[in-house]
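Hi,

Here is the structure for your files.

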Amino acid sequence: MAYNAALNTVYYNYLTSYAPKSTSRYDAHKKSELRNIYNSIIKLNKESPLYFIDNRKETQNYAIGLKENARQLRNTIASLGGLDENQMLNKKVTYSSNEELAEASFIGSIQEDQEIPSYNIEITSLASGQVNIGSFLPSSHTVDLPEDTYSFDVTINDLGYEFQYHVREDETNKEVQHRLARLLTNADIGLNVDVVEDGKGNSALRLTSTAMGLKNEQHSIFYVSDTNTSKQRGSVDYFGIDSVTAKPSNAEYRVNGERRTSPSNRVTIDNMFEVQLKRVSSFAGDNTEIGIKADVDSLTENISDLLDGYNSFIRTTADYSKSYPKSNRLVGEMGQIAWRYYSDFEKMGVTRNENGFLSLDKEILRQAALSDGGKGSLDTIKDFANSILHKTDQVSLNPMQYVEKTIVAYKNPGHNFITPYVTSAYTGMMYNNYC
């Protein structure tokens with residue numbers, strides 16, 4: 001049990017302290033992919049010399065930051081159609097004629113030359129969550145409950161949770177309210193709880209569901225009661241937290257005139273588009289049309305996103321250069337990859353400035369894509385993306401090659417042993433404080 005708790009602490013420390021980006025579906029891997037990664041690590045370590053590294057916390061953050069930035073760039077490339085050469089940069093880009101009303105993304109799969117219909121969307125109402133606002137009590141007054149251990153039950157998503165807490169006779173209403181707000185919010189059961197004030201010296205608890213809408217003919221998302229609880233009753237009535245102030249409701253919208261409802265403001269249309277409903281249509285004709293951009297426009301958007309991801313990686317890596325000079329080596333290697341394709345880039349409207357950042361003239365790219373040599377232009381961009389992808393894999397496998405280190409000994413060629421953790425020293429960094 002203590003072992004699991006320690007591991008949870010390590011992972012939490014990693015996610016909150018080091019990981020700058022959230023995970024995505026591109027971070028999931030098949031067994032074969034994980035096997036290939038393992039074999040690559042074994043191969044790298046087999047010939048790696050033994051060395052000492054600078055083990056300061058700043059260096060740890062730097063090494064893990066390099067790996068995370070490489071992962072982010074890889075995911076950017078993957079999101080533009082996939083990592084397969086035939087699908088790379090082929091992501092279909094959607095448009096919404098009124099993005100203030102709704103935004104859309106394409107989630108379907110289509111055959112070549114298949115026509116994708118467009119949809120007209122009008123929004124009648126947005127999905128909302130449940131809000132309970134308790135009784136407003138004098139904030140500075142001593143709580144009017146006998147000193148005791150109280151409890152109450154919260155039922156949410158068909159699950160019941162009991163909360164227990166102790167009330168001392170010298171505590172004020174506001175102190176207990178803040179304690180209950182932390183207790184309920186930190187429980188992570190689907191409630192956000194805070195304390196609100198009325199400007200007259202009174203305060204109350206506000207319970208807001210993270211979920212929205214109603215499913216399966218429900219009337220509420222959560223219930224609060226202390227009728228059948230195990231400890232002292234009476235705190236629910238005193239704080240009034242069972243009072244429903246705003247009932248949850250579903251989103252209502254029309255797709256090509258057909259009325260639809262959803263418990264969420266993120267809806268799927270015909271398994272083709274995922275649409276985020278953002279506001280209610282304010283007048284007749286206040287709607288939006290969503291559909292697929294033309295192939296050349298989709299290609300332009302995808303290449304623009306690719307260059308943005310590349311520039312972001314260069315910028316983040318260059319920021320380390322003052323404290324960690326070896327990061328300049330990685331910036332230089334990325335620059336060499338771009339320079340390899342530069343003569344072809346210029347014909348496509350891609351230029352490189354003095355700092356190594358790439359920019360795109362979309363009009364020149366469109367003209368190049370529509371010309372007789374358009375396929376060759378696309379192949380050049382795909383080759384560039386593949387080269388960048390290969391480099392991000394190298395950095396992810398062994399970010400320690402860009403960290404200052406002292407070589408201790410080289411291995412005897414042909415007679416060495418596999419040391420599977422040498423190039424993965426950054427992994428051990430996370431555990432140093434927990435051993």
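**A helix pair**

Helix α6 (residues 295-318) packs against helix α9 (residues 362-370) at an angle of about 130 degrees, and their axes are 10 Å apart. Axes here are lines fitted to C-alpha atoms, for helices over the stretch in contact, and angles run from 0 to 180 degrees between N-to-C directions. Helices (H or I, at least four residues) and strands (E, at least two) are DSSP runs, numbered from the N terminus.

α6 and α9 are therefore oblique to each other. The classes are: under 35 degrees roughly parallel, over 145 roughly antiparallel, 65 to 115 roughly perpendicular, and the rest oblique.

From α6, the contact uses Val296, Asp297, Leu299, Thr300, Glu301, Ile303 and Ser304. From α9 come Lys362, Leu365, Arg366, Ala369 and Leu370. Contact means heavy atoms within 4.5 Å. By type, the residues of the contact of α6 with α9 are six nonpolar, two polar and four charged. In this scheme Ala, Val, Leu, Ile, Met, Phe, Trp, Tyr, Cys and Pro are nonpolar, Asp, Glu, Lys and Arg are charged, and the others, Gly among them, are polar.

**Basis**

This is a predicted model: local features need pLDDT of at least 70, side-chain atom pairs count only at pLDDT 80 or more, and totals for chains, interfaces and linings use all residues. Residues are numbered from 1 along each chain as its sequence is written, and side-chain values use heavy atoms, with hydrogens and water left out.

**Asn173**

Asn173 belongs to helix α4 (residues 173-186). Asn173 is buried, at 2% relative accessible area. The cut-offs are under 20% for buried, over 50% for exposed, and partly exposed in between (1.4 Å probe, protein chains only).

The side chains of Asn173 and Tyr238 make a polar contact of 2.6 Å. That term means a pair of N or O atoms within 3.5 Å; within protein, one must be able to donate a hydrogen and the other to accept it, and residues adjacent in sequence count only if both atoms are side-chain atoms. Neighbours within four places in sequence aside, Asn173 also contacts residues including Pro138, His141, Asp144 and Phe239.

**Strand β3**

Ala102 sits in strand β3 and is buried, with a relative accessible area of 0%. Ala102 touches Ser96, Ile123, Val275, Gln276, Leu277, Lys278 and Thr288, not counting residues up to four places away in sequence. Ala102 and Arg279 are 177 residues apart in sequence, yet 7.3 Å apart in space, C-alpha to C-alpha.

Glu103 is partly exposed, at 37%. Leaving out residues up to four places away in sequence, Glu103 touches Glu274, Val275, Gln276 and Lys278. A polar contact of 3.2 Å links the side chains of Glu103 and Lys278.

**Positive phi**

Most residues other than glycine have a negative phi. Asp188 has a positive phi of about 55 degrees. Asp188 lies in the loop between α4 and β9 (191-197) and counts as exposed, at 68% relative accessibility.

Asp270 also has a positive phi, of about 55 degrees. Its loop runs between β15 (266-269) and β16 (273-277). Asp270 is partly exposed, with a relative accessible area of 44%.

Best wishes
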